[in-house]
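I opened the model today and kept notes as I went. The entries follow the order in which I looked things up.

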Amino acid sequence: MEKSYSFQEEWLFDDGPSCVLVEGPAGIGKTMLCHKIAYDWAQGTIQSLKKFKLVFLVEMNKISFPSMKDVIVKIIAADEAVDDEVEAIWDFVSSNPEQILVIMDGLDEVRSPHKAKMAESFSKSPLRRAFSLITTRPESNCPLLRSCDKAYILEGHTVESLSKFIKRYFREDRASADGLLQRIRSNTPLSGIALNPLNAVFLCALWEDIQGALPATLTQLYSTLIECLVRRYFERIGQPCSEAELVLADVRNVLVTLGQVAFKGLEENRMVFQEPELEDIPNLIHVGLLAQDTWARRLSQRPWRFLHKTIQEYLTAYYLAESEQGFTVEQFAKVIPNPDMYMVCIFLAGLLKDRAHYFFETWTEVRDKSELANNLCLSCLYECAPHSELVEIVLPSFVDDGSFDVTTKLKNRFYNIPTNYLATISTMLHSDQKHSDPFVTAIVVDRWTAASDVPGFRQLLRTIGVCKTLQHISLPLFPVACDLQSMSSVLHANHSVSSIDLDIPLRCKSMPVHEINMAVSRILSSDSLRKVRLSMFGSSRQKHDRPPSFSEDDLRTLKLGAFLSSLSLTGNTSAALFLHLISVDVGKHKTLAALSLNISETEKDPLCSSLLSSSLETIFKQRGTVNKLLLSYGSASLVVPTILRTTAIKYLILDVSKFPDQDLCDVISALNRSKSMEFVVLFSEVAASQVYANAGKLLHKGPIKAVGLLSRFPHSCQSPSHKPGVKRMTLIASDQYVPTSTKGAKMLQTAFEEWFDEISRADMKAQSDVITSALDTLKFQTCPKLASIGWNHFEVWYKA
Ligand SMILES: Nc1ncnc2c1ncn2[C@@H]1O[C@H](COP(=O)(O)OP(=O)(O)OP(=O)(O)O)[C@@H](O)[C@H]1O
């Protein structure tokens, strides 16, 4: 945790005034962080906080007045300042915003009716020019988030900091600390749960008490904790209970009543309760689930609040699951789509268990199509240890045309992923395969998704190995590099897959190149495989100064499968290196018809450039043609004219973003001279108008039938003059610039490959109406993909 805080310390307030967002799930430590910053400021020990004359810490759930001035005035007034002082302080705030820090903790807890007004008031108030820090759970949708200039994510404990925390918790009892750590290490679900600091505290408290079986789900953690508190309470008052099950049964009705109060509070976005509201639970008030604010000591009636908001959420779920009034489809339909009830739903599924089918049926009816809704569903499935009938209810919602694209289905930003979500997906897949008519034919997982749940990913790979309906898989092998050999055996054993897309590790610390090559070769040697896409990104830090770390023997270890028809390589120097390894094999390959290279950043890296040129030379010397070639690398301008002179290529996709003007002209002339070229796509991130002006020359003469132009900047896309007989079709046009996503390069390549496949089918008849209808289909299939990665103008000119 120190690591996370020192990160904040260095980065949070070092620029000019700005609005910083800190996001993280329930119990991750957002409130703790806010208090620590306020404490450090008051202590005067942290350099970057010394510039602030005043720091305001606002607990957003207490705000019932939407004007920012009111909020600040209320805070000052609570310090018992008199009216004149309040005005003077507000004047100081207004005229010196750069000396003010406002910390707004728990934006997700602002009452819904106030959200819009509060955002408006903030943007107009002088505080917009102050430093501000906002914390929120990820499910919040408050418009104030749009005012944020930068965002950070709180990730909770690292494995090391968790171990330190547990040792500190049990500092008097080393054996208990070691016992708990050992238990967490050997239990995969538990190790995921324990990285959340609040859960870690709860686990330590439980371990003190039970030292037996520990919970595997969040719901079990909370119910065991409550059971433990209730048992301790009865012991305190001299009525110890013997049977564990009896503990909760005895107090069930009281917990339902308390849950009803908790539910009412959440509906009103209220964490604080007055004593009369709790009069139906006279005894349990002292169990330890509720606490009184110490600051309210002077008040005659001190309000109560739940120990933590998550306890309020658990009890709400308890009420909905256990009471007659709570357990109705109407209640579920209100609760499930409400982002404020996110945690409640997770607990609710865990409590309902085999009664959860109503819950999941309602989910499929009321959910929006967001990734967050999918995350929620997986978390809920995990909590109730899915029975196959529950999986059958929700699986169709995750699969489009047979494809289960895990990566785009989930809101995966490391922190907000459901517990063991890949293991849950694996269970879903398994259950689909056992079904009489399985329908999942493709599965896609990216490296970020896999890296955030490695044990789940291993389980998923094993399931994939036995799925007989899968035709396409897209997987990163990087997170499991250490057991790549066994993974390659699993994947090799699957004979239904004809298309595979792998992120593979190169120069991986734990594995020498020849071992990686052997494992990859084994995967590629499957007889069913036709289409392979390999992506590899080595460490950019090492790429300039490190010589290739392979020998002649290594070269011999890499083999392409015998029946491949299409091979794509994506990456930087590592991909060039890889191409070099396989260039002789590619050159001689009998069935390989398409080669796509999406290799970037070569102009900064001479090694990459020379590897690429020599590999292409080797390949083209062996074989006169490669049907499709996608080149996307900085110094392609140097290579393309040579390639076009020496080879016959029909389809070419070229990233011309980094081409100097003269090189672009040379490439265009070379394209015009080519005798074989039929379809060209040019895309450019920076110089769209230049590209447009030049591309206009391409359809004049020669065999080129269609030219696609893709650009990221809508404003620079002036349409060039058209020649008679040339038609134009716009496939995407959006007037907004969208920044590139990390998934960009690969998705772009996939989109274009699909585009080429369509076009090549159309071109058989070479009829313009065939092309038109192919393009029309693409408008719906390809373009949302391109638009989603930020390419927002794509048009095609073709000879009619
Ligand atoms: N840095 C930390 N080190 C150790 N324990 C921590 C740390 N941060 C938080 N905790 C523990 O986790 C508990 C919950 O933290 P906190 O209330 O700050 O979470 P939160 O992110 O604000 O949750 P919510 O979104 O539910 O309000 C704290 O009361 C504390 O016991």
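Predicted model: local features only at pLDDT ≥ 70, side-chain atom pairs only at ≥ 80, totals over all residues.

**Entry 1**

I then checked the length of α2. Its 14 residues, at 1.5 Å a residue, should span 20 Å, and the end C-alpha atoms are 20 Å apart, which agrees. After α2 comes Gly44, and I read a positive phi for Gly44, near 70°.

Next I looked up the sheet. I counted 5 strands in an open sheet, in the order β2-β3-β4-β1-β5, with parallel pairing. Which strands are at the edges? They are β2 (54–59) and β5 (150–153), and each pairs on one side only. From one strand to the next the twist averages 15°. Helix α2 (residues 30–43) packs on this sheet and touches β1, β2, β3 (100–105) and β4 (131–136). The direction of α2 makes about 160° with that of β3.

I also checked one pairing in detail. Strand β1 (residues 19–23) and β5 pair in the parallel sense over 4 bridges. Val20 has Lys150 in β5 as its bridge partner.

**Entry 1: helix α7**

I repeated the length check on α7 (residues 174–185). Ala177, Leu180 and Ile184 are buried in α7. Viewed down the axis of α7, the buried residues fall within an arc of 70°, so they line one face of the helix. What do they pack against? I found α6 (159–169), α8 (188–194) and α9 (197–209). The face of α7 turned away from the buried side carries Arg174, Ala175 and Gln182, which are exposed.

**Entry 2: α10 against α14**

I looked up how α10 (residues 218–236) and α14 (residues 342–352) cross. They pack at an angle of about 80°, and their axes are 8 Å apart. That makes α10 roughly perpendicular to α14. For the contact itself, I listed Leu218, Thr219 and Tyr222 on the α10 side. They meet Ile346, Phe347, Gly350 and Leu351 in α14.

**Entry 3: a sheet of 3 strands**

I turned to β6, β8 and β7. These 3 strands form an open sheet in the order β6-β8-β7, with antiparallel pairing. β6 (272–273) and β7 (290–292) stand at the edges with a single partner strand each, so one side of each is left without a neighbour in the sheet. I counted 2 bridges between β6 and β8 (residues 304–306), in the antiparallel sense. Phe273 has Trp304 in β8 as its bridge partner.

**Entry 4: strand β13 and its partners**

Is β13 (residues 531–536) mostly covered or mostly open? It is mostly covered, with 5 of its 6 residues buried. I looked up both pairings. With β12 (residues 499–503), β13 pairs in the parallel sense over 5 bridges. There Leu502 stands opposite Leu534 in β13. With β14 (residues 566–571), β13 is joined by 6 bridges, and the two run parallel. Here I noted Val532, whose bridge partner in β14 is Leu567.

I picked Ile582, in helix α25 (residues 573–588). Ile582 has 24 C-beta neighbours inside 10 Å; the cut-off is 20 or more, so Ile582 counts as buried. Leaving out residues up to four places away in sequence, Ile582 touches Leu558 and Leu560. I also looked at Lys559. It is 23 residues from Ile582 in sequence, yet their C-alpha atoms are 7.3 Å apart in space.

**Entry 5: the whole chain**

The protein has 32 helices and 21 strands. Of its 800 residues, 44% count as buried. Among contacts between residues at least 6 apart in sequence, I read that 79% join residues at least 24 apart.

How values were computed:
Residues numbered from 1 in each chain as written. Buried ≥ 20, exposed ≤ 12 C-beta atoms within 10 Å, placed from the backbone. Arc of directions from axis to C-beta. Contact = placed C-beta atoms within 7 Å. Pairing = 2+ DSSP bridges. Axes fitted to C-alpha atoms, helices over the stretch in contact; angles between N-to-C directions. Parallel < 35°, antiparallel > 145°, perpendicular 65-115°, else oblique. Expected span 1.5 Å × (residues − 1).
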